[in-house]
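Me: Got a structure I'd like to talk through with you. Can we take it one question at a time?

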Amino acid sequence: MKTIEFDPNGPILKVNFKFSGFILASYTYTLWEAESNHKVVYEKGNNQNPQDDSYQLPMPVKANDGRLIQLRTEFLAQDPDNVKKYTITAEVYQGDTLLDKAEDQGDNTGSAQSSLIFIKLKAS
Amino acid sequence: MKKLVFILSWLVTTTLLAQSPEDTTLVKNFRLDFAVPDMPAFKMLGTNPSNILRPSSPQALSLMISEFGGGDELILPKSFAAEVAPYILMKSGSLTLEDYDNNSSLYSLRLSVGTNRNPENNTTTDVAVGLRMTLMDEGDLKNDGKYRKHVYKLLDDKATLKDEYQMEYLNQNNLIMADVAANPNLRAAMDKYIDEKLKSEFDQRLDTLKQGFKARNWNKKKLDVAVGMLGSSPDSLAKNVEFNKFSLWSTYGAPVGKNSQLLLGFNYNYFSNDSTEYGVTSLTSRLYGGSNSYKGFGELQIKRDENLESNFIYMALGGEINIKDGIWANISAGLERNWTDNNSAFVSHFDLRFTIPEKLKLF
């Protein structure tokens, strides 16, 4: 699990999801409350249109301290014979600045595959 | 001639003996993404009397060698060609779905280069370059919007259900998600719980969906176009190449019933040198039947050679065999008849084709 620090007094936080390696991917994005199983945000999406795979985190910014980002992806490689590897990335931005990212990489199999990424947010 | 007959017999025998029960599934074995590429550069070298350029799916990298059979004698291979799909090689693992949707023609673009040493003087070298592209491919699942919609729905259902089982696991074990995410052992236990609850139902549904669409799509329409040019070099180092032949191909594939596919090909070659200029035009039809790993074909070709002011007809039978992962053999034999001069000649061809094996991970 990756921990990403942010400025509690800085601009709004945003998370971007990227899917490469020529895959069809459906995902769920969960923002877990700190020290709780309460889901602050729960969204679903797919990689058909990359423009809608970006989500702003709730305000105020400092309220995200200790929260956990979960990206669950179910995917299928479209041409595993030629495009052998996949990469699924979750990037955390504060304003326009990329704070850090978590990646999951692996081999495309041609069968149904899964990926699970966690990022813990910490106020600096 | 005897050697060629022996090779043909051996290939047919081993083909029949090697066919496993699983090869009886039409969908699995007769995929539309033809496994054996035909390279424009290789065609230009003139090692095969057939002028049809069969449609094929792009391979990141493939290789062909030939001239095992020159007429009725077996000789050492003198021809070599390689084909690359530059867009696939360039993008590789960074290719996104959006990249593909915006550049599917570029994805199918293939560049080939071939050389052939003249067996008579062993010094003159032919050099060919070719470019091909798939303009229409109705059978390709990558382009099927309906299939894509179904896959998204299935994957979405799977992710949603996994989230439900995840919450169930957390509640049953009085765990907090952040603690599970931070502890590899707890996470492995949670994943195991989810997988056991989910069983393999979704994977089976996805496979069934894929096979169903392939069954409907395997022999749908396809159109490939290609261009190439051929030059000759007076030395084996291929220096001072002078291009003297330009070629154009177009091949259309269409279903015939449920189990066969017909290819119709057009080819025009323009020859130009110091003394003369002329064209050679061919119309070819080829009918395939069999499985993806083992298939046979019959071919009929009509050719007009303006230089000889002659018409030719070529009839052949052949086969393609997947010897091993990434290695294919292509063999054909037939009769070419000069309709104008009433001369006939027996023509044979054998080549080996190599692609990156499916199990080999290079990128």
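Me: Which residues have the most contacts inside the largest nonpolar core?

Reply: Keep in mind that this is a predicted model. The largest nonpolar core holds 53 residues. Strand 3 of chain A, residues 23-32, gives the most to this core, with 7 residues. The residues with the most contacts inside the core are I23(A), L24(A), I69(A), L76(A), I119(A) and L155(B).

Me: Let's zoom in on L24(A). Which residues of chain B does L24(A) touch?

Reply: Leave aside residues up to four places away in sequence. Within chain A, L24(A) then touches F75(A), L76(A) and Q78(A). Over in chain B, the residues it touches are L97(B), R148(B), V151(B), Y152(B) and L155(B).

Me: On to the interface. Which helix gives the largest share of the side of chain B that touches chain A?

Reply: Contact involves 36 residues of chain B and 37 residues of chain A. On the chain B side, the elements giving two or more residues are helix 5 (97-102), helix 7 (145-172), helix 8 (177-182) and helix 10 (201-217). The largest share, 11 residues, comes from helix 7 of chain B.

Me: Now the open sheet of 4 strands in chain A. Why does strand 5 have one side without a neighbour in the sheet?

Reply: The strand order is 5-2-7-8, with antiparallel pairing. Strand 5 (54-56) and strand 8 (97-107) stand at the edges, so each has a single partner strand. For strand 5 the pairing with strand 2 (residues 13-20) is antiparallel, over 3 bridges. One side of strand 5 is left without a neighbour because of its place at the edge, with a single partner strand.

Me: Which residue is the bridge partner of V15(A) in strand 5?

Reply: Strand 2 and strand 5 of chain A pair in the antiparallel sense. In strand 5, the bridge partner of V15(A) is Y55(A).

Me: What about strand 9 of chain A: how many bridges join it to strand 6?

Reply: Strand 9 (residues 112-123) runs parallel to strand 1 (residues 2-6), and 5 bridges join them. One of the pairs there is I4(A) with L121(A). Strand 6 (residues 68-77) runs antiparallel to strand 9, and L76(A) has A112(A) as its bridge partner. The number of bridges joining strand 6 to strand 9 is 9.

How values were computed:
Residues are numbered from 1 along each chain as its sequence is written. Chains are lettered from A and ligands numbered from 1 in the order in which they are written. This is a predicted model: local features need pLDDT of at least 70, side-chain atom pairs count only at pLDDT 80 or more; totals for chains, interfaces and linings use all residues. Two strands pair if DSSP finds at least two bridges between them. Two residues are in contact if their C-beta atoms, placed from the backbone, lie within 7 Å. A nonpolar core is a set of buried Ala, Val, Leu, Ile, Met, Phe, Trp, Tyr and Cys residues joined through C-beta atoms within 7 Å. A residue is buried if 20 or more other C-beta atoms lie within 10 Å of its own, exposed if 12 or fewer, and partly exposed in between; C-beta atoms are placed from the backbone.
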